[in-house]
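Biologist: I would like a close look at a single part of this model, taken slowly and with the criteria spelled out.

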Amino acid sequence: MHLLKPDLHSRRAFMKRAGQLAFSGAALPTAMNLAALGEAAAFNSPGDYKALVCVFLYGANDFANTVVTYDNPSYAQYLNIRGAYTGSAGLALPQADLAATLLTPTVAPVDSLGVTRQFALNPAMTRLASLFNSGKAAIQLNVGPLVIPLTRDQYNSTDHRTYPRPPQLFSHNDQQSIWQSSSPEGAKVGWGGNIGDLAMSGNTTSGFTCISVTGNAVYLSGDQALQYQVTTNGAVRINSAYVNSSNVANSTYGSTAVTNALRSMIQQSRVHKLENEYNKVTARSIASEGAITAALAASTPTTFTFPAGNSLADQLNLVARLISARSSLGVKRQVFMVSIGGFDMHDFLARDHGGFRDASNNIIPGLLGKVSDAIAAFYDATVTMGIADQVTTFTASDFGRTLASNGDGSDHGWGSHHFIVGGAVNGQKFYGTAPPVSVSDAKTSNAYNPENQWHVGQGRLLPTTSVDQFGATMAKWFGVDANEMTSVFPNIQNFSGAFSSGYMGFMA
Amino acid sequence: MQAEVADSPAGSDQALRLGGVLGTAALLSACGGGASSTDASSSATSPYQFARPASDQEAVRFLLQAQFSASDADIASVKAIGYGAWLRAQLSAQAGQTGVAWLDSKGFNAVTANSRSYFSTGPADYMVWAQLMTSTDAPRRRMALALSEIFVTSTTVMTGYWPAYVMAAYWDVLCTHAFGNYRDLLEAITLNLAMGNYLNTRGNKTADGRGSAPDENYAREVMQLFSIGLVLLNPDGTPKLDANGASIDSYSNADITELAKVFTGYDVDTSQNAPIMANPVTGGGTDNVPQTTFARLPMVQRGNNHSPQASHFFQNIPGVTPVNIEANTNAATSLTTALDALFSHPNNAPFICKQLIQRLVTSNPSPGYVSRVAAVYMAILQDDEARAPSGLSASEFGKLREPMLRLVQWARTFNVPSPSTDWTRVGDLSDPGTRLGQSPLRSPSVFNFFRPGYVPSGTTLSAGTVVPEFQIVNESSVAGYLNYMQTAIDTGVGGATGLKANYTTEITLAESPSKASPSDLVNRINLLMSGGQLSADTVNTITTAVGSMAGTITGNATQTATNLRRRVCAVILMVMSCAEYLVQK
């Protein structure tokens, strides 16, 4: 039962719209783009620039040990469910170790039972906790894919036409795709790419609108905008096809003729569609490499301080370098994607996730320490460049995990908590609704007890905010107009007051 | 049963069971051998339209799907005896050295004082590259590699003692069962230690009654990826649809929670660990190193951790028999019942067969092709859709050659390793910017390097056409591949002291028939690498470019040798860079 059908996404209409933007003759790109983005005055100003950076946590992050419940009553429930860590079993972080990363929001969050709550970040996330407490980061509570708002009873209903569920819940590859594109695996267009579609005509070099420093991901694929892929060292030159700016070809095995022949062959259009597809990528590689390499080399060297031995930091460092080269690259709006994997911790969560103490009694940084350090270093880099208000970074992941333990890890879930970081973020606040701490299925008079309404078994959170609402809030900041929003987020209209309260409010 | 389906296309229900011949070993015993027989030339006795190749090109096309490379001897053989007999000969060929035996033969089981080599994953890379590049039973290894992209585990995350042995034992399971029975393979994989580590069956415990539950990872992925998939399928691999035209989920999360109980209680078999070797560690302490044997022993029940609870799954799935494992059923019986249910599930054959066709022949097999393929390996390769010349001119037939297969093909075609046999020079080639962007047994996740349904954006492909391998194609990886091959073709894999190719035969053709137009050289590389699938234009471009290169210089043997070798290298690089080679048809 796939009610999230691609044709409901208005992708076709959207593509036509974007096409008109790019090719409509007299009303040339800039003017059209101004209208679409609703930012006519700002758009041509010299410092005009905005970037949206997605940090994808592949494997599905364990929400309960990332944004950790802290007030005494809820911590006691968490401890009872997860069990104190014994060195081999138990998943509960010690409350005392959470004091240093206690979050101090300007407004205390209230959960769906009306209870005021406190949260701390994982003890390995000290830098991100500091950003939150200094107003530069916000937390979106219990967000996940939804077609419409659902209660647990509605989720359990067999009437999937009235109460549609997102397809293939709990499946990694499908939920990665749904987070990125609103559709399960096989989707061709993601919301980062669609935002790029709208913004690309304002960029002189439209091919650098959507840039991935990680693998191919549907998030960055638009109807018009294609994702451009770089490594943490920048673009990769094809040595055997290289011709320099003076039109002198490299020598390949002692022959420039070979270089010229190879350069021609690997870019030519082909009748066979797979062959043509491959050569299109190669042609893009060659066409873009020179510009990227030159821009990175020429952009004013900026001193960034990124942690070593942190692959996410390496990627974000390259994003920062590209942003520093934005003028020479001819871009005013960019959508980036970086990622870090390894979050599918069915086992060894205490060893690998971060926050527990090792044999020497030191806090283990784990993956969450890397995430925190990398994002904070990137934020600092945007401050150094003087554009902290123009760059917004957010986390996303396949899904949340169970609150229940399977011994030394957690299993596949649904809703999760995520971070939004940047100078334009209304920080030091929680958005959305905190879930109660429960794994029980207990009912009273045939209805789930109130504390069991917001998970679908074993503490798999039933989201109270949709990915569409989460993404649309950032898209609005980026410049996507309200009347374009449904073509980017197909289900946004299903959330009450989508264009007022539907926006979550975490962006200025 | 197996004998009947083994060499015939389907058309009946029985052929739709994997039944479960992945090869046709069963056929041979049923027929009393026959590996040396040749296929009748009359189509009256063959179910396939194409019994034997009509040309060297057709022979190579077949060989490059059936194994990694084509030698002159292979071409002659398949032309002489035909496709079916050649395949049967491969199925009965003696299996080559196992991965574990290879590691032993190279001394990787040695424990050296103050060295912690038993924690190194590197030898797993050396092992699998050596197996792929040199093993004598290439078709079996080719099938095993395809299986490694369905039943995925990964060297990248193996830890603990002897991770290379753990991965070698996993690789050996795939090779052992490559032409065997799917049900046997499924059980062997389920109890394999590498898989147990990867998807957490090892150490999986029953519920503790306080909120903890059995680990669901293996229960989920064994269904989603290893046996039946997400949605109910017709025998031709297309999704079944309900009254509203929607696909039907194969299982719910409740089914996974139930099935997870079956996979509890397992852990490593430590019974053969002695004698333990006490190895001092630099900086203090001692490692107590077990023998390598545990790595290849199936996991066993240890402690009292198997769930005593009843397990009920597939209760309300249309067309699927409900499975009920009663409380206190022992672990072995539970496992048999559960795996039998997955094996007999109507999805099993089309789900697995389609992916094997995608790995070996084409990304988009027709529904009929999927339904005909039962005795998987032979049927995939002999099917008319694989063999018909029409595939060579169809605009979407075929698949992108995987980068690791390109390197293995080059190595086998040109006699790597020569002269060095230092396999430690070839390792993890996963970096897309500087290497291949892919390395065998090093998938980044259980979802393989790429997904069966991948479609790039901005594509001109027809609606519904999928191109799985393109998921690892991007602006960086296309460049990284070409740069890596440019060096490997010339100086070898792993630098100056690494594994080199031997181009003796090709060098004799470097100026043939003329220095300005060495078409014999280009034609040979075109034949061996692409089955002669390069267009006349491309052949001409390559020939002209190479014809302009320096060649024989009278009186200067050293420079002449360098020049002729460079010509060979240039042709190989240009062939391996062009799209007509990269897309295998």
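How much area is buried between chain B and chain A, and what percentage of it do carbon and sulfur atoms give?

Modeller: This is a predicted model, in which local features need pLDDT of at least 70 and side-chain atom pairs count only at pLDDT 80 or more, while totals for chains, interfaces and linings use all residues. Residues are numbered from 1 along each chain as its sequence is written, chains are lettered from A in the order in which they are written, and side-chain values use heavy atoms, with hydrogens and water left out.

About 6100 Å² is buried between chain B and chain A, and carbon and sulfur atoms give 55% of that area (the accessible area, with a 1.4 Å probe, that two parts lose on being put together, summed over both). To the contact (heavy atoms within 4.5 Å), chain B brings 81 residues and chain A brings 68 residues. Six salt bridges are found across this interface, taking a side-chain nitrogen of Lys or Arg within 4 Å of a carboxyl oxygen of Asp or Glu; Glu275(A) forms a salt bridge with Lys585(B), where the closest N and O atoms are 2.7 Å apart.

On the side of chain B that touches chain A, the elements giving two or more residues include α11 (217-224), α12 (253-260) and α24 (557-577) of chain B, and α20(B) gives the most, with twelve residues (helices are DSSP runs of H or I, at least four residues, and strands are runs of E, at least two, numbered from the N terminus). Chain B as a whole has 25 helices and eight strands, and its C-alpha atoms fill a box of roughly 85 × 70 × 55 Å along the principal axes.
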